[in-house]
Amino acid sequence: MSTENLTDRWENLEKLGADIAQNFHLRRAFASDAGRFGRYHLQFDDLFVDYSKNLVTDAVMGELIDLAKAANVTEWRDRMFAGDRINITENRAVLHTALRNLDGGPVMVDGQDIMPGIKDVLARMKAFAARVQGGDWKGHTGKTICDVVNIGIGGSDLGPVMINEALRPFHLDGIRAHFVSNVDGAHLVDTLKDLDPERTLFVIASKTFTTDETLTNALSARAWLIEKLGDDGAVAKHFVAVSTALDKVADFGIDTDNAFGFWDWVGGRYSLWSAIGLPVILAVGYDKFEELLRGAASMDHHFRTARLAENIPVILALIGVWYRNILGAASHAILPYDQHLSRLPAYLQQADMESNGKSVQRDGKKVTRASGPVIWGEPGTNGQHAFYQLIHQGTELIPVDFLVAAKALHPLQNHHDKLVANCLAQAEALMRGKTAQEVQVELAAQGMSDGEIAALAPHKVFAGNKPSTMILYKQLDPFTLGRLVAMYEHKIFVQGIIWNVNSYDQWGVELGKQLAKELLPMVRGEETAQNRDSSTAGLIDQLYSLRS
């Protein structure tokens, strides 16, 4: 569609938004429309998405679908899957989806089928993991490996950490996975203090083998190993790499046969499906990792083939655009009622905020509307005793995603029933609220006087009309996890297209890195800070004072 049509869609949505803000309440919507739940849910196999508790009407959803059409979402989607270089600022294709295309046909990049290379790396990881898990791979002193330490940061850490925790019920006996990312030495020291160097394997995850935080931790881990085992030659039996910089890998002391690469069309925050997933394979086994890939591939197929109005990632994306751009929500909460998804909010913070936290459009001009929201959250029921107060009675509009499994992966059914009841209750409470009249009746039943009721009632009123989406699935197994993560990946993609930003670069992280390199000699006392701004210079002076 033309730019004029796109403008019309936004104008229509803004008119609908003004009406919703003034005249719509979810409690009334459910009371007056018995078919609301039936119209506003989507199902893909056992994955069930209920979006009926959102501030939307048929007219709103119709205009949002038209907005997606006007923004050419389907055309951009097809270009991504076809291997077009849609990452325009880095001139790269965006093909993390190819990493899970195990049963599909060729995927072409610059006239070359990339699937044989993907399958070769998977086969190498499978064989390597089998050697470690079976005890055939031995450390420098002949002992088997029982601890794997992944050293990476950003996408080389958040994805594997999240997957490792989510699949904890599937961990193999005899292998424990650990993750070090922060350049704060405490992270490495605390991780290593209880490990046996003779039985520890390090996975250094850095595509270019130049990431400063990762290399700092890797070099310190290398020094720790050599000090403990007394031989530089031990490095080759206790370190492997996920990197394509084979010369740097070799210089570090790692056998390049034990380096597992990936490609420039795999963005860091979308790389858990690649060799970055090696620590996950070591922890849960290759078969479970492949189930994860197949789950994601099933969501890819759904995203590519389902009609826009029946497409789960598309609908989630459009509802998010509605809140961000029309109703003014600045943040979005991810609230999994699943302890094993405790790291999902942190993972999605990077996936979403690094992708769509942009103020420049694809053509280099300033964005005309707000782009990505702040993503945050914690698992339930912990959050209920922390920040839910603000969601229920605060002044911010905060859309919520609830995630919950029908069946637990543990035997404590009483616990799981209470968990699910709490999840459903929070969604209902956000939707319904509690009126002043209801509060007054409740307090009167407790024997309070009219004066006491008048004083207390305002504090106990809940406005309600707080939106949420319920994402229900049978059980959190690897296949389901793959579907959920891919679902959010594609949601982020759709929103980036509508906001007309490049979701696959991250130039905003570069300046801080550059300045840190300049400031390091000043922090060390090797250079003066007199030419920096007065705050930075003053802080460095205070640093020296405190150290002395």
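This report describes the overall dimensions, cores, strands and selected residues of a predicted protein model.

Residues are numbered from 1 along each chain as its sequence is written, and side-chain values use heavy atoms, with hydrogens and water left out. Because the model is predicted, local features need pLDDT of at least 70 and side-chain atom pairs count only at pLDDT 80 or more, while totals for chains, interfaces and linings use all residues.

## Overall dimensions

The secondary structure comprises 22 helices and 12 strands; helices (H or I, at least four residues) and strands (E, at least two) are DSSP runs, numbered from the N terminus. Along the principal axes, the C-alpha atoms fill a box of roughly 80 × 60 × 60 Å.

Of the 548 residues, 51% are buried. Buried means under 20% relative accessible area, exposed over 50%, and partly exposed in between (1.4 Å probe, protein chains only). Among contacts (heavy atoms within 4.5 Å) with a separation of 6 or more, 74% are between residues 24 or more positions apart.

## Nonpolar cores

A nonpolar core is a set of buried Ala, Val, Leu, Ile, Met, Phe, Trp, Tyr and Cys residues joined through side-chain atoms within 4.5 Å. The largest one has 125 residues, and Trp322 and Leu481 touch the most other members. Helix α20 (residues 478–499) gives the most to this core, with 12 residues. A second, separate core has 24 residues, including Val149, Ala221, Ala241 and Ile254.

Not counting residues up to four places away in sequence, Leu481 touches Met162, Ile163, Ala166, Leu167, Leu292, Leu341 and Leu476. Met162, Ile163 and Ala166 are among the buried residues of α7. In that helix, nine of nine residues are buried. The buried residues of α7 pack against β6, α12 (278–284), α13 (286–305), α15 (344–356) and α20.

Strand β11 (residues 400–405) is mostly covered, with six of its six residues buried. In a regular strand the side chains alternate between the two faces of the sheet. In β11, Val400, Phe402 and Val404 point one way, and Asp401, Leu403 and Ala405 point the other way.

Two strands pair if DSSP finds at least two bridges between them. β11 pairs in the parallel sense with strand β9 (residues 331–337) over five bridges, and Pro336 is the bridge partner of Leu403. Six bridges join β11 to strand β12 (residues 468–473), also in a parallel arrangement. Here Asp401 stands opposite Thr469 of β12.

## Selected residues

| Residue | Relative accessible area | Class |
|---|---|---|
| Cys146 | 15% | buried |
| Arg168 | 39% | partly exposed |
| Ser342 | 18% | buried |
| Cys423 | 0% | buried |
| Gln426 | 13% | buried |

A search of the whole structure finds zero disulfides, a disulfide being a pair of cysteine sulfur atoms within 2.5 Å.

Arg168 is located in the loop between α7 (158–166) and β6 (176–180). The C-alpha atoms of Arg168 and Ala283 are separated by 8.7 Å, although the two residues are 115 residues apart along the chain.

Ser342 sits in the loop between β9 and α15. Leaving aside neighbours within four places in sequence, Ser342 is in contact with Glu165 and Pro379. Glu165 is one of the buried residues of α7.

Gln426 belongs to helix α17 (residues 413–432). Not counting residues up to four places away in sequence, Gln426 touches Tyr337, Gln384, Tyr388, His392 and Phe402. Of these, Phe402 is a buried residue of β11.
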